[in-house]
Amino acid sequence: MIISLGSGGHSTEMLAALSTVDMTKHKKRLYVYFSGDLISGTKARDFEDDLKARLTNEGGSAEALGKPRFIQVQRARDVGQSFVSSIWTSALCFVECVLAVRKQRPRLVLCNGPGSSLMLVLACKCVMPTCRVIYMESLARVNSLSLTGRLIRPFTNRFIVQWPELAKKCNAEYRGLLA
């Protein structure tokens with residue numbers, strides 16, 4: 001499984017959603033975060049440490065969780081970056097994502113909003129066409145889909161929004177609040 005993290009609230013929302021998942025069933029996990037994001041890698045490591053502590057406190061073995069990996073790849077586009085220069089950074093992001101996917105060989109990718117996630121999903125679909133993609137639109141998206149959501153949707157197996165009105169409006173899956 002590859003988990004895409006992003007700055008702002010994206011990582012917090014993703015890790016909150018993951019807290020309901022039995023991670024012993026997903027032992028091979030790769031957390032991907034993007035350049036310039038100084039917090040997401042730390043949050044993911046703390047999340048994994050908490051998982052181990054919780055499992056150990058419940059009488060389980062930390063080995064049951066497997067050994068997660070964490071990598072930082074080039075961000076596809078910085079806020080305010082020109083379109084012309086973002087072509088280069090997006091290509092670099094895509095190449096780094098392809099390398100990560102080739103090494104991880106995921107069956108599932110989880111993402112929820114950072115624009116760079118599009119490069120990760122495209123890399124997965126190129127390298128592992130059968131890889132399933134679950135996209136969770138940000139809680140902040142109440143009335144319309146994000147640009148990332150609109151671009152990534154054709155490549156998803158499940159497209160989840162967190163507001164019932166938005167689900168009806170854009171024919172998406174609604175599962176309640178995920179965070």
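This is a predicted model: local features need pLDDT of at least 70, side-chain atom pairs count only at pLDDT 80 or more; totals for chains, interfaces and linings use all residues.
User: What is the volume of the largest pocket?
Analyst: The lining of the largest pocket takes in 27 residues. Arg77, Pro114, Gly115, Ser116 and Thr148 lie nearest the centre. The volume of this pocket is about 650 Å³.

User: Which helix gives the most to the lining of the largest pocket?
Analyst: Three helices each supply at least two residues of this lining: H3 (83-104), H4 (117-127) and H5 (147-152). One of them gives four residues, the most to the lining. That helix is H3.

User: How many residues in the lining of the largest pocket are charged?
Analyst: The lining holds ten nonpolar residues and eleven polar ones. The charged residues in this lining number six.

User: What is the volume of the second largest pocket, and which element gives the most to its lining?
Analyst: The second largest pocket has a volume of about 300 Å³. It is lined by 15 residues, with Ala17, Thr20, Val21, Met136 and Ile160 closest to its centre. Two or more lining residues come from each of helix H1 (10-18), strand S4 (108-111), strand S5 (132-136) and strand S6 (158-161). The element that gives the most, with three residues, is H1.

User: How many residues in the lining of the second largest pocket are nonpolar?
Analyst: Two residues of this lining are polar and two are charged. The nonpolar residues number eleven.

User: How far apart are the end C-alpha atoms of H3, and what span should its 22 residues have?
Analyst: At 1.5 Å a residue, H3 should span 32 Å. The distance between its end C-alpha atoms agrees with this, at 30 Å.

User: Which elements do the buried residues of H3 pack against?
Analyst: The buried residues of H3 include Ser86, Cys93, Cys97 and Val101. An α-helix has 3.6 residues a turn, so residues three or four places apart point the same way. The partners of the buried H3 residues are strand S1 (2-4), strand S2 (30-34), strand S3 (69-73) and H4.

User: Is Asn171 buried or exposed?
Analyst: Asn171 sits in the loop between helix H6 (164-170) and strand S7 (173-174). Its phi is also positive, near 50 degrees, in a residue other than glycine. The relative accessible area of Asn171 is 65%. With exposed set at over 50%, Asn171 is exposed.

User: How many disulfides are there?
Analyst: A disulfide needs two cysteine sulfur atoms within 2.5 Å. For Cys111, the nearest cysteine sulfur is that of Cys124, 8.7 Å away. For Cys126, the nearest is also that of Cys124, at 9.4 Å. The count of disulfides is zero.

User: Which residues is Thr24 in contact with, leaving aside its neighbours within four places in sequence?
Analyst: Thr24 is in the loop between H1 and S2, and counts as partly exposed at 25% relative accessibility. Leu55 is 31 residues away along the chain, yet the two C-alpha atoms are separated by 9.6 Å. The contacts of Thr24 are Leu55, Ala64 and Leu65.

Definitions and conventions:
Residues are numbered from 1 along each chain as its sequence is written. Side-chain values use heavy atoms; hydrogens and water are left out. On a 1 Å grid over the protein atoms alone, a cavity is a set of points where a 1.4 Å probe fits but cannot get out, and a pocket is an open set with protein on both sides within 12 Å along at least five of seven lines; lining residues have an atom within 4 Å of a point. Grid points are joined across faces, edges and corners, and a volume is the space filled by probe spheres set on the points. Ala, Val, Leu, Ile, Met, Phe, Trp, Tyr, Cys and Pro count as nonpolar, Asp, Glu, Lys and Arg as charged, and the others, Gly among them, as polar. The expected span of a helix is 1.5 Å times one less than its number of residues. Buried means under 20% relative accessible area, exposed over 50%, partly exposed in between (1.4 Å probe, protein chains only). Contact means heavy atoms within 4.5 Å.
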